[in-house]
Amino acid sequence: MAFDLQLRQIGVIAGKEFRDRIRNRWVLAVAVVFAAFALAIAYFGAAQQGSVGFRSIEVTIASLVSLVIYLVPLIALILGFDAIVGERERGSLDLLLSMPLTRLELLLGKFLGLFLALACSTVLGFGLAGVLLATQLPTAALYHYAGFVFSAVLLGAAFLSLAVMVSVFASDRGRASSAAIGLWFFFVLIFDLLLLGGLVLGAGDLGGGWGSQLFPYLLMLNPADVFRIANIFGVEDVRAMYGLATVFPEALARPGLLGAVMVAWIVLPLAVAVWRFRK
Amino acid sequence: MVNGMNGSASSSDSVGVISIRDVRKHYGAVRAVDGVDLDVHAGELFGLIGHNGAGKSTLFKMLLGLVPLTTGSIVVDGRPVHGELFRQVRRTLGYLPENVVFYDNLTGAETLSFFARLKGCPDDDREALLDRVGLAAAGHRRVREYSKGMRQRLGLAQALLGKPRLLFLDEPTTGLDPEGIREFYRILREQRDGGTTIILTSHILSEIQERVDRLAIMKQGRIEALGSVQSLREAMNLPLFFVLRLADGGGAAAAQARLRDTLGDLAGGVEIAANGRELHIHSPREAKMRVLAALAPLTADGRFADVQVREPSLEDVFLGYSG
């Protein structure tokens, strides 16, 4: 039974989850939110400097990175926090598991269906913004933009994976939602502060102590930071603006490596969820 | 030791369509199920009753393969329920959980299609199933608009998808009105007559006492009694209850005295009490025919307007075993 995996069963669960989000217009609503925010930030992003209008793709992406880091993890966590615990509370989990369906198939189906919904919203929302930006920007810049959208999809998948893990561990929806919000606060708001604080307290400075050696690796412990590095590091102006050039070695900033770390952030929480759910 | 007419848990020499052998489920020190042996035979309508916490829900979930066994074995339809062939086993099962809540955003028909796809069976009989459970007109309404009773009917239709050989129904009539309950059991009888084996749990003992073929009473994780309702009554030897309603103009005290005289020769254990215009007799089961014979002359002379003989209810039997 351990290796008995039927893609058809995963597809049935995933199809239902995805269709549900299409039918209740979740995908459309989130796509509109993404598109509206993306366009607003692209156009008004430089208002603090006294100007408005579309600027270079690099600066636009740098602005959008902050938006994505706040918005995508939150939406992913909200989307997935009750994937399993919701079924359990509703009383339908036993019914689902009484079908010719393994727990692994149920969990993968849930994740896949929700991921498809989130990915569609992300690609549609930022894609629409990209189409509008395309009239203002050179074609080469749009490849860069496509990479940004792809990394946003991966970021969403990583936080969705965390949300599904929470939904397996939580005993009720209330606790699951609290844990999901806690994860958002931790990864999006607190992690970097703690990291910087810890480094300053532990090593005295970020310039040459062991802290500065460790710092890039510790950033990998946060998928939001991985996403930030992936999108910021390649852009010279923005890298300087974020101060990354001084603290992040170029060797660690290879897209392949960062992509692999992001995939690990998707796979590991899901693997923990599978382990716990099958226990 | 299991009580009842069938002195052992395995009620016959043949192996049942469900065969449970020394099944235990322990959660630390808590013994939710503690050494259950049971055979349920093909085409049987079998009841599983017990107090809350007696272990019946855990046993039910183990039968469905939802909860792993601590020890023992469960074979359903010739296949171990927890083994590699679990998919084949589950395709032959229908299950209606207690308090199931379906997906509010789907219609009744869509709900059946979803579960049919999961079960790997065609959904082309979904309209017929909806019609059979009385939801033909509501099949294309969203489940959020359904009453509790309608959801329960949908649950039964879902359990009947794919023509299962075994039906597991956990408190299946919750929320149904009396007419719905009657129709529900009519459907179950049809299924049973078609060869489907049915196991159900219920707290409404009056509802199942005339409808199940056999039942098991669980207590503290064990099967305390097993057999038909009648066999359990007889094994428990609960007294029969006679209710004699006095005819108009008859005095209760005089009738009681006459009755005492008439029944005086019977063996001990017969108790008579007056209750307004009624006389109540509690009699040992073995004295039933003698009591009836003794009452014959009194009813013949018009002293009583009505005589009722009440067998101990399943509730009496249940409380006798589990109380």
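# A walk through two chains

Begin by selecting B:Q220: with 63% relative accessibility, this residue counts as exposed.

Before moving on, a note on what you have open. This is a predicted model, in which local features need pLDDT of at least 70 and side-chain atom pairs count only at pLDDT 80 or more, while totals for chains, interfaces and linings use all residues. Residues are numbered from 1 along each chain as its sequence is written, chains are lettered from A and ligands numbered from 1 in the order in which they are written, and side-chain values use heavy atoms, with hydrogens and water left out.

**Two loops in chain B**

Stay with B:Q220, which sits in the loop between strand 9 (214-219) and strand 10 (222-227) of chain B. The phi of B:Q220 is near 50°, a positive value in a residue other than glycine. Most residues other than glycine have a negative phi.

Now select B:K163, in the loop between helix 5 and strand 7 (166-170) of chain B. What is the phi of B:K163? For B:K163, phi is positive and near 50°, and the residue is not a glycine. B:K163 is exposed, with a relative accessible area of 65%.

**Buried residues of chain B**

Next, pick B:D77 in the loop between strand 4 (71-76) and strand 5 (79-80) of chain B. Is B:D77 buried or exposed? Its relative accessibility is 17%, so B:D77 counts as buried. Leaving aside neighbours within four places in sequence, B:D77 is in contact with B:V17, B:T92, B:R165 and B:L166; contact means heavy atoms within 4.5 Å.

Select B:Q152 in helix 5 (residues 148-159) of chain B. B:Q152 is buried, with a relative accessible area of 1%. Beyond neighbours within four places, B:Q152 contacts B:L96, B:E171, B:P172, B:T173, B:T174 and B:L176.

Then go to B:K119 in helix 3 of chain B. At 3% relative accessibility, B:K119 counts as buried. Not counting residues up to four places away in sequence, B:K119 touches residues including A:M99 and A:P100, as well as B:R90 and B:Q158.

Colour helix 1 (residues 56-63) of chain B: 6 of its 8 residues are buried, so this helix is largely enclosed by the rest of the structure. The buried ones are B:K56, B:T58, B:L59, B:F60, B:M62 and B:L63. Just after helix 1 of chain B, B:G65 takes a positive phi of about 80°.

**Over to chain A**

Show chain A as a cartoon: there are 13 helices and 0 strands. Buried residues make up 50% of the 279 residues in chain A.

Highlight helix 2 (residues 26-44) and helix 3 (residues 57-80) of chain A, whose axes come within 9 Å and cross at roughly 160°. Axes are lines fitted to C-alpha atoms, for helices over the stretch in contact, with angles from 0 to 180 degrees between N-to-C directions. Helix 2 and helix 3 of chain A are therefore roughly antiparallel to each other. The cut-offs for angles are under 35 degrees for roughly parallel, over 145 for roughly antiparallel, 65 to 115 for roughly perpendicular, and oblique for the rest.

Show side chains at the contact of helix 2 with helix 3 of chain A: among them are A:W26, A:F34 and A:F37 of helix 2, and A:L64, A:L67 and A:L71 of helix 3. The residues of this contact divide into 14 nonpolar, 2 polar and no charged. Ala, Val, Leu, Ile, Met, Phe, Trp, Tyr, Cys and Pro count as nonpolar, Asp, Glu, Lys and Arg as charged, and the others, Gly among them, as polar.

**Last stop: confidence**

Finally, colour chain B by pLDDT, the predictor's confidence in each residue, from 0 to 100. Chain B averages 87, and 93% of the residues score at least 70. Over residues 5-13 of chain B the pLDDT is below 50. Where pLDDT is low, the predicted coordinates should not be read in detail.

Methods. Helices (H or I, at least four residues) and strands (E, at least two) are DSSP runs, numbered from the N terminus. Buried means under 20% relative accessible area, exposed over 50%, partly exposed in between (1.4 Å probe, protein chains only).
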